[in-house]
Number of protein chains: 2
Amino acid sequence: MYTLTTFRSVPSFAVGHVRDLRVRWALEEAGQSYDLRLIGFEDKESPAYRREQPFAQVPVLHDGDLALFETGAILLHLGERHPVLLPRDPAARAQATMWMFAALNSVEPYVGNLANLVAFSMDQPWAEAQRPVLEEIALKRLGQVDDWLEGRTYLAGEFGAADILMTTVVRLLDGMGYVERFARLTAWRDRCTARPAYRKALAAQVAQYVVEPAVA
Amino acid sequence: MYTLTTFRSVPSFAVGHVRDLRVRWALEEAGQSYDLRLIGFEDKESPAYRREQPFAQVPVLHDGDLALFETGAILLHLGERHPVLLPRDPAARAQATMWMFAALNSVEPYVGNLANLVAFSMDQPWAEAQRPVLEEIALKRLGQVDDWLEGRTYLAGEFGAADILMTTVVRLLDGMGYVERFARLTAWRDRCTARPAYRKALAAQVAQYVVEPAVA
């Protein structure tokens with residue numbers, strides 16, 4: 001049985017983007033149910049929680065006695081249990097893990113920097129000068145993923161954990177018009193976010209914060 | 001047989017920090033020899049190389065027919081072949097993979113932003129205003145790793161792939177005085193970089209660029 005730990009309440013801008021979405025989506029793809037353990041924003045710095053999650057973040061996934069942090073490691077763990085998330089063939093599996101790491105280390109840092117600037121810092125005196133610098137590398141990365149998707153339906157063979165991670169990375173730029181400059185990337189993202197498991201996972205996250213009103 | 005692809009020549013500031021070091025170090029720990037395939041800086045954008053490495057970066061590791069990119073995925077692959085890099089016990093292995101992803105997704109993006117600012121951008125008009133912003137989150141992350149290291153010799157049980165990745169992340173701040181604010185982190189880094197396999201790997205990278213003079 002899986003237990004997913006996430007925040008009871010988040011700022012409204014984060015609703016739909018809390019990283020537990022990656023795990024919810026993976027569990028839905030694998031047809032696995034899960035319990036929720038909700039913690040307060042203040043609980044994240046407690047010594048007990050820091051032993052589970054050294055960076056005071058969410059999510060944590062419990063699988064029996066195992067407490068897992070880092071969404072990449074969680075999806076790798078789930079992929080080893082549920083082949084629908086990660087293929088068994090060694091070459092196909094290697095391709096999938098490459099794209100899992102690529103999403104988190106070659107794309108997210110640059111996309112995240114740009115998304116944070118546009119979403120939160122455009123009123124800062126340095127924002128206008130920073131913007132083209134951050135756009136250049138983020139757009140380069142998006143273009144490289146777009147190039148890779150030529151002739152491909154998903155990042156690494158069948159749909160899997162790599163697509164889940166990269167979709168949530170690309171979604172950081174929602175509403176900013178960057179992703180839509182790339183036709184293959186946009187079509188791939190729309191293919192991923194049209195999946196019933198994604199829609200169910202997103203609805204579950206959003207519904208939680210309707211029940212538990214978001215705090216500013 | 002392993003073949004490691006890296007650049008024939010790099011700018012002098014990069015000598016000792018090219019990411020092939022992670023793979024060289026892992027291979028030395030595992031007692032594995034490897035061939036080098038050297039490519040020019042201009043070769044990285046060729047269509048043939050982009051099929052191997054979609055982000056036009058180094059390294060690539062060939063293991064027989066398998067061509068691997070992303071140092072995280074390469075070290076995971078090597079860890080599955082060489083237990084000295086990644087334990088076999090499922091709980092210990094999960095702990096190690098969590099710290100591999102943590103190095104690359106929870107620490108490197110922030111440490112990398114700060115290191116790049118201090119190393120390359122302090123002459124920019126926005127640098128002084130940016131510096132405290134980037135310092136705050138990078139130092140927070142370093143402090144969290146330092147906390148985790150209380151009572152631990154390495155990040156996840158025995159020395160392994162996670163320590164290799166995190167050491168190279170922390171080294172991005174070499175000479176900047178940030179890491180040295182944290183006693184456990186500094187002691188752990190010094191423990192890792194004292195290992196014969198690290199010294200051999202670093203010497204091999206540096207020696208290559210003495211033979212092949214660095215280009216600016």
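Ring pairs join Trp25(A), Tyr154(A), Phe159(A) and Tyr198(A) into a cluster. The model is predicted. Across the whole structure, a search over all chains returns 19 aromatic pairs. One of them is formed by Trp25(A) and Phe159(A). This pair is tilted, at 5.8 Å centre to centre and with 35° between the planes. It bridges distant parts of the chain, the two residues being 134 residues apart. Trp25(A) belongs to helix α1 (residues 20–29) of chain A. Phe159(A) sits in the loop between α5 (127–148) and α6 (161–170) of chain A. Both Trp25(A) and Phe159(A) are buried.

Phe159(A) also pairs with Tyr154(A). Here the ring centres are 5.3 Å apart and the planes stand at 80°, so the pair is edge-to-face. The relative accessibility of Phe159(A) is 8%, and the residue therefore counts as buried. Tyr154(A) has a relative accessible area of 13% and is likewise buried.

Arginine side chains are also placed over aromatic rings. Arg152(A) lies over the face of Trp148(A), 3.6 Å from the ring centre. In chain B, Arg195(B) lies over the face of Phe159(B), at 3.6 Å from the ring centre.

Chain A is assigned two domains. Domain 1 covers 2–85 + 197–211, and domain 2 covers 90–195. The C-alpha centres of domain 1 of chain A and domain 2 of chain A are 21 Å apart. Their contact draws 20 residues from domain 1 of chain A and 21 residues from domain 2 of chain A. Between them, these domains bury about 1,700 Å², with 60% of it on carbon and sulfur atoms.

The two chains are related by symmetry. A rotation of 180°, with 0.0 Å of shift along its axis, superposes chain A on chain B at an RMSD of 0.0 Å. This is the relation of a two-fold axis. The same surface serves both copies, since 100% of the contact residues of chain A recur in chain B.

The size of an interface is often given as the accessible area lost when the parts come together. Chain A and chain B bury about 3,700 Å² between them. Of this area, 61% is on carbon and sulfur atoms. The contact involves 39 residues of chain A and 39 residues of chain B. On the chain A side, Phe55(A), Met98(A) and Phe101(A) lose the most area to chain B. Together they account for 20% of what that side buries.

In chain A, the peptide bond from Val58(A) to Pro59(A) is cis, with omega near 0°. Pro59(A) lies in the loop between α2 (47–52) and β3 (60–63) of chain A. The loop between α2 and β3 of chain A also holds Ala56(A). Phi of Ala56(A) is near 60°, a positive value in a residue other than glycine. Ala56(A) is buried, with a relative accessible area of 6%.

Chain B has corresponding features. Val58(B) and Pro59(B) are joined by a cis peptide bond, with omega about 0°. Pro59(B) is in the loop between α2 (47–52) and β3 (60–63) of chain B. Ala56(B) is found in the loop between α2 and β3 of chain B. Its phi is near 60°, again a positive value in a residue other than glycine. Ala56(B) has 6% relative accessibility and so counts as buried.

Notes:
Residues are numbered from 1 along each chain as its sequence is written. Chains are lettered from A and ligands numbered from 1 in the order in which they are written. This is a predicted model: local features need pLDDT of at least 70, side-chain atom pairs count only at pLDDT 80 or more; totals for chains, interfaces and linings use all residues. Side-chain values use heavy atoms; hydrogens and water are left out. Copies are superposed by least squares on the C-alpha atoms of residues with pLDDT of at least 70 in both. Contact means heavy atoms within 4.5 Å. Rings of Phe, Tyr and Trp (its six-membered ring) pair if their centres lie within 6.5 Å; planes under 30 degrees apart count as stacked, over 60 as edge-to-face and the rest as tilted. Helices (H or I, at least four residues) and strands (E, at least two) are DSSP runs, numbered from the N terminus. Buried means under 20% relative accessible area, exposed over 50%, partly exposed in between (1.4 Å probe, protein chains only). A charge sits over a ring if NZ of Lys or CZ of Arg is within 6 Å of the ring centre and within 35 degrees of the ring normal. Domain bounds come from an automatic or database domain assignment. Buried area is the accessible area (1.4 Å probe) that two parts lose on being put together, summed over both.
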